[in-house]
Amino acid sequence: MRRLWTVIVRTLCVTALAATGLTATATTPAAATTVTTSVTATTAATSVTATATVTPATATAEPPRWGFAVVRNSASGPVVDLSRQAGSWPDGLKVEATPGGPGQVFVKFPQIGMAAGGVAHVTAISQSADWCQVQNWWQSGADEIVAVQCHRHGVGPIASWFSVTFGHSAQYLPAHQAFGYVHWDGSAVAAGFNSSAPTAVNTVEPWTGPGSWRVTLPGLGSAGRAGNIQVTAADPAVPARCKLGGWNATTAAQSILVRCHDATGAPLNTGWSLTYHRERALMWTPPSYRFAYTFDNAPDTPGVYVPTPYPVSYNSRSGAVQLSRYALARKQVVFGDVSGYRDSVQVTAFGYGPEFCNLFAPWEISTALVRIRYVTCYNGATQVDHPAMVTYVAR
């Protein structure tokens, strides 16, 4: 494994913004300053420190870059699902996956490499109490590498299937739509974007105790809750999982709480990625792409229901959004008339405690709908009914 990691590292340019204190502001898309940084990338095999000089691009100069994939990982190694990958790279290129240490996979998104910036999200696909985190992401030549590490509660690293995304944005939107993200590297905002204006700056501040932060996205406000939020732990060494801990919306801003926990469920100070999107996909996909999202905020509701307030659900094809409780802790999500040829799903738990959610199995598609069967949530190894946010995008 050390030999494998050494080969990979020889091609990498690993960068991140240096810590600037506990309360920080995001790098805006219009910033154009040169920063010299260093970061330690730690994996199950070894750790390597690299340095680089980074010049963030302006909003007008940097096109959106994005990609998604499903990786079917097992004891025999990771395999990328050819029918569930897409990105802003030229047609004909493919996502690749390389095994690392136990439960670790390096996912290569072709031709979308960035010296710095962007956010990554990952969701485990498993019938057990598995979760996945992002360890780091970096540019390797023209490509973007995302290191994913998966765990099973009470067991440790595990070769779980997962759905992973990477995205960078630098364009602005009309007020009814909204898109913003933050990458918190554990001590400062390492990257951020806000679609309302070049002058809008996302902020992060530690909240009431360890493992909690308040994120403010100015200019992306709404009259009550609307849109969807995804949160993913980003830690290079420590088992970590993060979730949406609270959410308050005003017409001026989205105010979001992030909570993170370690493998035992104790609060954990760690890094994370957060993306907020309203009437847009989770990534800056072309207008031809279909998408839908919803907030399962009443998970113990028997039978079929549609979450309220209604703006927490959206379907770009004006199709149905329907949730139903299949069994304890298993929620089926149906998005009508939105399925596509290549697609992606992400899930984030909502709440104060250490509960987390994954996908029980890969989603099913037909000409009429996409059926996500099922979103399953856990407290430790025990399945529980728990609120969660679900988002889908398709080519």
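The accessible surface of this chain comes to about 14,500 Å². Carbon and sulfur atoms account for 54% of that surface. Keep in mind that the model is predicted.

Now look at the chain as a whole. Its secondary structure comes to one helix and 31 strands. The chain has 395 residues, and 58% of them are buried. Next, consider contacts between residues with a separation of 6 or more. Of these, 66% join residues 24 or more positions apart.

Where do nonpolar residues gather inside? The largest nonpolar core has 28 residues. Val-215, Ile-229, Trp-247, Trp-272 and Leu-274 have the most contacts inside this core. Several strands each supply at least two of its residues, among them strand 13 (178-184), strand 16 (212-218) and strand 20 (272-278). Strand 18 gives the largest share, five residues. Domain 2 (178-278) and domain 3 (290-394) both contribute residues, so the core lies between them.

Pick out Ile-229 and look around it. Setting aside residues up to four places away in sequence, Ile-229 touches Leu-244, Trp-247, Ile-256, Leu-274, Thr-275, Tyr-276, Thr-348 and Met-389. There is also a second, separate core, with 25 residues. Val-122, Val-146, Val-164 and Ala-234 are included in this second core.

How many cavities of 30 Å³ or more does the structure hold? It holds seven. The largest cavity has a volume of about 230 Å³. A set of 23 residues lines this cavity. The closest to its centre are Cys-132, Val-231, Cys-242, Val-347 and Cys-357. Strands that each supply at least two residues of the lining include strand 8 (119-125), strand 9 (130-140), strand 26 (343-349) and strand 27 (356-359).

Is Pro-299 buried or exposed? Its relative accessibility is 8%. Buried means under 20%, so Pro-299 counts as buried. What is Pro-299 in contact with, leaving aside its neighbours within four places in sequence? The contacts are Tyr-305, Arg-325, Lys-331, Asp-385, His-386 and Pro-387. Take Lys-331 from that list. Pro-299 and Lys-331 are 32 residues apart along the chain, yet their C-alpha atoms are separated by 7.3 Å.

Definitions and conventions:
Residues numbered from 1 in each chain as written. Predicted model: local features only at pLDDT ≥ 70, side-chain atom pairs only at ≥ 80, totals over all residues. Heavy atoms only, no water. Buried < 20%, exposed > 50% of the residue type's maximum accessible area, 1.4 Å probe, protein only. Contact = heavy atoms within 4.5 Å. Helix = DSSP H or I, 4+ residues; strand = E, 2+ residues; numbered from the N terminus. Areas by Shrake-Rupley, 256 points an atom, 1.4 Å probe, with all protein chains shown as cover. Core = buried A, V, L, I, M, F, W, Y, C linked by side-chain atoms within 4.5 Å. Domains from an automatic or database assignment. 1 Å grid on protein atoms, 1.4 Å probe; cavity = no way out; pocket = protein on both sides within 12 Å on 5 of 7 lines; lining within 4 Å. Points joined across faces, edges and corners; volume = space filled by probe spheres on them.
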